[in-house]
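Q: Please take me through the labels used for this model. I want each one set against its definition.

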Amino acid sequence: MPDHPTPPLQPTLFIPHGGGPCFFMDWSVMGGPADTWDKMAAWLKSLASTLPERPKAIVVVSGHWEEREFTVASVPAPKMIYDYNGFPPHTYELQYPAPGSAAVAARIVELLTDAGIPARTDTTRGFDHGVFIPFLLAFPDADIPVVPLSIKTDLDPADHIAAGRALKALRAEGVLIVASGMSYHNMRAFRTPAATAPSAAFDGWLTSSLAQPDTDARLDALAHWSQGPAARNAHPREEHLLPLMIAAGAGDEDAGTRVFSDVVMEATVSAYRFG
C-alpha cells in the first residue's frame with residue numbers, strides 16, 4: 001500500500017476586517033476618500049492564493065464575539081449578524097452562505113478541554129461582520145465550512161495564547177485558523193493626526209515582536225502587549241487585538257511575518273502570518 005502524503009501545514013493568519021461593510025459601499029458617503037479600503041480589499045482577495053492548499057475548514061476568531069469562556073459555533077447554516085450601524089441599506093442584505101461544521105466545532109472543544117481550558121459550543125451563533133465581510137473577499141465561493149470561535153470577556157492575553165497553542169493541531173488537519181480584528185483600533189483617533197505616529201510606533205513594535213525567532217520571547221512580548229509603545233492609544237480596549245493572540249499561539253514555533261500594511265484613515269493597519 002502506498003503511503004498517503006502528509007498534508008501541508010496550514011498557516012495561521014491575523015487579518016484586518018476593515019470598518020463595518022467598508023468593502024461593499026462607496027466610502028465617500030462616510031466622509032473619506034472612495035479608495036480608502038482598496039488596498040486592503042485587494043490583499044484580502046489575494047489571500048486564498050497564498051495558502052499551501054485549499055483548507056478543509058476555517059476556524060475564524062472574531063473580535064466581535066465575546067463570551068465568558070471560549071465558545072464555538074456549531075451551526076449547520078449560520079445566519080448573518082449585521083452588527084454595524086449607520087451604513088447604506090444594501091449592506092444589510094449581504095449574504096455569506098458558507099456552511100458550518102459540527103465536527104470541527106467538536107474538535108475545537110476537545111482540544112481546548114484536553115488542555116484544561118473550559119470551552120463549549122453554541123448552536124445559534126451566526127457570522128458577525130468580522131467574519132462575513134472579509135470572507136466575502138477572501139473566500140467568495142463560500143464553499144468551505146467556517147466555524148466561528150469567540151474570544152473571552154476577561155481579555156486575558158495569556159489565556160488566548162494558551163488557547164491558540166491548544167489548537168495548533170488543527171493546522172496539520174487541513175484547518176486554517178484566521179484571527180479577524182484590527183492591529184489598530186482607536187475609534188476616536190481614526191481620521192485624525194492623533195492616530196498617525198502612535199499607530200506607526202505600535203505597528204513597528206508589534207511587527208518586530210512577532211518576528212522574534214524565540215517562541216517564548218515572542219509570546220511573552222504578546223502577553224505583555226500593553227507595555228508596547230503607544231499600546232493604549234492603539235487599543236483603548238483590546239478586543240480587536242486578542243484574536244492575534246490565538247493566531248500566534250497556534251503558530252507555535254513559527255515566527256510572525258507582516259504580510260500586509262497600509263495607512264487607513266491616518267492609521268497604520270497590518271496583517272500577519274505564522275507559518
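Q: Why is Lys168 called partly exposed?
A: Lys168 has a relative accessible area of 38%. Buried means under 20% relative accessible area, exposed over 50%, and partly exposed in between (1.4 Å probe, protein chains only). Lys168 therefore counts as partly exposed.

Q: What should I know about the model and its numbering?
A: This is a predicted model, where local features need pLDDT of at least 70, side-chain atom pairs count only at pLDDT 80 or more, and totals for chains, interfaces and linings use all residues. Residues are numbered from 1 along each chain as its sequence is written, and side-chain values use heavy atoms, with hydrogens and water left out.

Q: What makes the contact of Asp252 and Lys168 a salt bridge?
A: Their side chains meet at 3.1 Å, N to O. The rule asks for a side-chain nitrogen of Lys or Arg within 4 Å of a carboxyl oxygen of Asp or Glu, so the pair qualifies. Asp252 lies in the loop between helix H8 (242-251) and S7, and Lys168 in the loop between helix H4 (157-166) and S6, so the pair ties together parts that are 84 residues apart in sequence. Helices (H or I, at least four residues) and strands (E, at least two) are DSSP runs, numbered from the N terminus.

Q: Is Asp252 buried or exposed?
A: Asp252 is at 14% relative accessibility, so Asp252 counts as buried.

Q: How do you know that Arg54 and Asp143 form a salt bridge?
A: The N to O distance is 3.4 Å. Arg54 is exposed at 51% relative accessible area, whereas Asp143, at 39%, counts as partly exposed.

Q: Which residues does the network of salt bridges that share partners join?
A: Arg232 and Glu238 meet in a salt bridge at 2.8 Å, N to O. Salt bridges that share partners join Glu66, Arg237 and Glu239 into one network. By this rule the count comes to 15 salt bridges.

Q: Why is strand S6 called mostly covered?
A: Seven of the seven residues in S6 (residues 175-181) are buried. Val175, Ile177, Ala179 and Gly181 cover one side, with Leu176, Val178 and Ser180 on the other.

Q: What makes S1 and S6 a pair?
A: Two strands pair if DSSP finds at least two bridges between them. Five bridges join S1 (residues 12-16) to S6, so they pair, and they run parallel. Phe14 stands opposite Ala179 in S6. Strand S2 (residues 57-67) also pairs with S6 in the parallel sense, over six bridges. There, Ser62 stands opposite Ser180.
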